[in-house]
Amino acid sequence: PRFGGASIAQRNTMLMSRASSVRTHSRLGHALAAPRSHAAISVRPRLVCRASDDDGDFESKLAALKLSKKKPEKRVTFEERKKEQKAKAAAIAAETTSGTMTTMSEADWAGETVFYEGAPSSGETAVNVALAATLVWLPLTAAALGRKLWINYKITDKRVCVETDSPFKKESLNVGYNDIVRVDVVGRGVGLWGDAVITCRDGSKIEMRGLEKFLEVKKYIEERMPTQKQREASEYYDPMAE
């Protein structure tokens, strides 16, 4: 007899072959899934952090550091800085300038040896004349021409002299080395000439513009200036006495 177009023997054979194939597939599935299951259940090491007393100390130290921070300093204004600079300048002036000037006569510099003598540098005059083309520079050009024509500098072993011989003013400033407390120079014209400012004992200043050999002149004057001890020991210091 036939069942569903096939005999019972054929049907049983088909069922048995299907059952055996299912068992085979299930075994293979278990075999492949076994390593995955073992890997899935593998235990990973864990890091456990526990609080200690050191953490509490660190927090307290951090809090104390925050409290101990200084407040930002107050900004100094321009006016306050200007007052401070004026006070410093006054203190320096008080230390370096004290006393009265010594009046010199021709007898004081008799037999002197001239170290430097001449008018302001020709290079300074030439530069100022060239800059007159800008028109804005005309006042400075006129001043440079006036210095070249009417001013003469003389540095000797006994005095520093600035002579003015113009139609408007005739003057001769003579300063002995005992009355000089400071000499400042500034180079001009790539160092070919310079300006010098001599500070006297009474606080007055003598300017020499366009001075050639300005560094040598500064050194020459400083070598003949009295030291602080010499100035305190005697009211008048004669550099030629040594």
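Val 175 touches Met 101, Met 104, Lys 158, Arg 159, Val 160, Ile 180, Cys 200 and Ile 206, leaving aside residues up to four places away in sequence; contact here means heavy atoms within 4.5 Å. Val 175 sits in strand E6 and is buried, at a relative accessible area of 4%. Buried stands for under 20% relative accessible area, exposed for over 50%, and partly exposed for what lies in between (1.4 Å probe, protein chains only). The C-alpha atoms of Val 175 and Thr 102 are 8.1 Å apart, although 73 residues separate the two along the chain.

This is a predicted model, in which local features need pLDDT of at least 70 and side-chain atom pairs count only at pLDDT 80 or more, while totals for chains, interfaces and linings use all residues. Residues are numbered from 1 along each chain as its sequence is written, and side-chain values use heavy atoms, with hydrogens and water left out.

**The whole protein**

- The protein has seven helices and nine strands; helices (H or I, at least four residues) and strands (E, at least two) are DSSP runs, numbered from the N terminus.
- Of its 242 residues, 25% count as buried.
- Its accessible surface is about 18200 Å², with 59% belonging to carbon and sulfur atoms; the areas come from the Shrake-Rupley method with a 1.4 Å probe, and for residues only the protein chains shown count as cover.
- Take the contacts between residues at least 6 apart in sequence: 54% of them join residues at least 24 apart.

**The sheet around E6**

- Four strands form an open sheet in the order E3-E4-E5-E6, with antiparallel pairing; two strands pair if DSSP finds at least two bridges between them.
- E3 (114-118) and E6 are the edge strands, and each has a single partner strand, so one side of each is left without a neighbour in the sheet.
- On average, neighbouring strands of this sheet are turned by 10 degrees against each other, direction ignored; axes are lines fitted to C-alpha atoms, for helices over the stretch in contact, and angles run from 0 to 180 degrees between N-to-C directions.
- Helix H5 packs on the sheet and touches E4 and E5, its direction making about 55 degrees with that of E4.
- Four bridges link E3 to E4 (residues 151-156) in the antiparallel sense, and Tyr 116 stands opposite Ile 155 in E4.
- E5 (residues 160-165) and E6 (residues 170-175) run antiparallel and are joined by six bridges, with a hairpin of four residues connecting them.
- Val 162 stands opposite Leu 173 in E6.

**A nonpolar patch**

- Val 127, Leu 131, Trp 137 and Leu 140 make a nonpolar surface patch of about 310 Å².
- Patches are made of residues with over 30% relative accessible area and no salt bridge, joining like charges within 9 Å and nonpolar side chains (Val, Leu, Ile, Met, Phe, Trp, Tyr) within 5 Å; a salt bridge is a side-chain nitrogen of Lys or Arg within 4 Å of a carboxyl oxygen of Asp or Glu.
- Leu 140 belongs to helix H5 (residues 138-150) and counts as partly exposed, at 44% relative accessibility.

**Positive phi in two loops**

- Leu 135 has a phi near 70 degrees, a positive value in a residue other than glycine.
- Leu 135 lies in the loop between helix H4 (122-130) and H5, where it is exposed, with a relative accessible area of 61%.
- Lys 213, also not a glycine, has a positive phi of about 55 degrees.
- Lys 213 is in the loop between strand E9 (205-211) and helix H6 (214-224) and is partly exposed, at a relative accessible area of 41%.
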